[in-house]
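Hello,

Here is the structure you will be working on. Please open it and keep it beside this email as you read.

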Amino acid sequence: MPCLGLVLSGGGARGAYQAGVLAAIAHVANKLNIRNPFQIYSGVSAGAINVCMLAGHSGDFVEGARNLVSLWSHITSDQVFYADLMALSRGGLQWMSELSLGGGKSETSLRSLLSTHPLNNFISDQCHFDQIEKKIKTGNLRAISVSALDYDSVSTVTFYQGAADILPWERGMHRSEKAVLTTEHVMASSAIPLLFPPIKIGERYFGDGCIRNQSPCGPAIYMGADSLIAIGVRRRQDTWYSYHHNLSTTVPTVSRVANVLMNAVMMDGFESDVNRLEQINQGFSSLTSGQRKKSTVRKIDYLWISPSVDFSEIAKEKGSELPRMIRYLLRGPGSMEESREMLSYLLFTPHYCKQLVDIGFSDGMKEKDRIEELIVTKAAKPHSVKHHANSRSVQ
């Protein structure tokens with residue numbers, strides 16, 4: 001049976017944009033009287049939060065998308081991390097001590113600048129993970145996955161929960177593990193390196209799923225999706241680019257270097273993945289019918305939606321909304337202008353996130369015809385849709 005998959009990348013507060021796009025998809029689906037257009041969910045980082053909020057919602061996709069918009073539109077930084085003077089001073093002083101004195105015992109060494117206990121509580125309160133298994137058993141959901149980086153093996157691990165016929169996969173430095181998803185899996189996938197602490201699952205520690213994630217579409221296809229709607233959080237032209245208009249002969253500050261590193265580490269991955277899928281589609285289309293039957297790859301129908309604006313530019317203008325101590329720390333190694341990339345990930349404020357939600361809804365509605373085409377094809381004409389790329393063709 002054909003399956004439409006939803007794939008969400010992520011990056012901190014930028015996840016609000018995805019909520020806006022999902023609201024547009026829900027708007028289109030509701031008009032078509034299709035309440036659950038997706039059978040498979042896959043997410044990393046903030047995208048992991050979003051897919052689990054959708055799958056863990058007691059209602060259908062349309063209701064879940066509306067709930068997601070409400071959550072992102074009202075979120076505050078104190079629901080995500082501690083930013084008070086005592087917490088940040090203690091962390092900053094400990095970090096300085098470890099850097100200057102060579103660190104201490106591993107049990108007491110600092111693991112991150114910020115504490116994310118509030119986010120842990122927020123996810124536990126808002127996401128009802130027991131609903132995931134119920135939806136799988138009733139057939140309203142085939143599978144869901146979240147990915148995180150294993151700090152020990154430096155490989156990407158995709159934790160998935162789904163139908164019994166879904167088999168584990170392993171491709172290079174990317175492997176899967178069947179699991180009953182919990183708050184810890186979502187926290188691990190969204191643990192931005194250095195800023196947020198690594199999360200322990202079993203005997204291993206994990207970090208943000210965006211790190212080294214070169215094939216974000218892979219897990220959804222491995223779990224059975226034969227068409228995809230993928231939502232990123234970076235403009236397609238965003239590379240090292242955005243600093244060209246600020247070229248300077250001065251020595252880069254710590255903030256500027258950190259900005260570049262954050263840009264590189266928190267890669268979206270969709271562009272290279274989509275290019276690979278397009279090459280597969282072109283190659284498959286050139287085969288004869290006989291060759292297609294013997295081929296190990298299949299055509300993939302997809303829609304990739306990405307931001308129409310640069311979120312770091314918006315974040316730069318709204319930096320004053322951050323807690324005072326966070327602003328102080330960011331100004332220390334440089335200017336707020338030079339820290340705009342990190343700002344765009346940390347600005348968990350209603351004004352910033354609501355603006356990203358609105359941009360996401362607008363961008364999503366620009367693709368309403370294509371969204372409708374994918375949803376209607378899957379819901380109304382399953383017999384007419386071809387199978388798409390298998391796991392060997394993606395990584």
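First, the ground rules. This is a predicted model, where local features need pLDDT of at least 70, side-chain atom pairs count only at pLDDT 80 or more, and totals for chains, interfaces and linings use all residues. Residues are numbered from 1 along each chain as its sequence is written, and side-chain values use heavy atoms, with hydrogens and water left out.

**Aromatic rings**

Rings of Phe, Tyr and Trp (its six-membered ring) pair if their centres lie within 6.5 Å. Planes under 30 degrees apart count as stacked, over 60 as edge-to-face, and the rest as tilted. By this rule there are nine aromatic pairs.

Take F38 and Y41. Their ring centres are 6.2 Å apart and their planes sit at 45°, so the pair is tilted. Both F38 and Y41 are buried. Buried means under 20% relative accessible area, exposed means over 50%, and partly exposed is in between (1.4 Å probe, protein chains only).

Now W72 and F348. Their ring centres are 6.4 Å apart and the planes are at 20°, so this pair is stacked. The pair links distant parts of the chain, 276 residues apart. W72 is in helix α3 (residues 61-74), while F348 is in the loop between α14 (340-346) and α15 (350-366). Helices (H or I, at least four residues) and strands (E, at least two) are DSSP runs, numbered from the N terminus. W72 has a relative accessible area of 6%, so it is buried. F348 has 5%, so it is buried as well. Ring pairs also link W72, F81, F196 and F348 into a cluster.

Two arginines lie over ring faces. R14 is over Y345, at 4.9 Å from the ring centre. R171 is over Y222, at 6.0 Å from the ring centre. The rule: NZ of Lys or CZ of Arg must be within 6 Å of the ring centre and within 35 degrees of the ring normal.

How do α1 and α15 cross? The axes of α1 (residues 15-31) and α15 come within 6 Å and cross at roughly 40°. Axes are lines fitted to C-alpha atoms, for helices over the stretch in contact, and angles run from 0 to 180 degrees between N-to-C directions. α1 and α15 are therefore oblique to each other. Angles under 35 degrees count as roughly parallel, over 145 as roughly antiparallel, 65 to 115 as roughly perpendicular, and the rest as oblique. The crossing of α1 and α15 is right-handed. The residues in contact (heavy atoms within 4.5 Å) include A16, Y17 and G20 of α1, and C353, L356 and G360 of α15.

α1 also meets α2 (46-55). Their axes come within 9 Å and cross at roughly 40°. These two helices are therefore oblique, and their crossing is right-handed. G15, Q18 and L22 in α1 meet A46, G47, N50 and L54 in α2.

**Single residues to look at**

Start with Y41. Y41 is in strand β2. Its relative accessibility is 5%, so it counts as buried. Y41 and I144 are 103 residues apart in sequence, but 4.6 Å apart in space, C-alpha to C-alpha. Leaving aside neighbours within four places in sequence, Y41 contacts L6, V51, F61 and M223, among others.

Next, R204 in strand β8 (residues 204-207). R204 counts as partly exposed, at 23% relative accessibility. The C-alpha atoms of R204 and D152 are separated by 7.1 Å, although the two residues are 52 apart along the chain.

Which way does phi go at S45, positive or negative? Phi of S45 is positive, near 55°, and S45 is not a glycine. S45 lies in the loop between β2 (40-44) and α2. S45 is buried, with a relative accessible area of 1%.

V154 also has a positive phi, about 55°, although it is not a glycine. V154 is in the loop between β3 (143-150) and β4 (155-162). V154 is partly exposed, at 37% relative accessible area.

Best wishes

Notes. Left-handed = near helix turned anticlockwise from the far one by under 90°.
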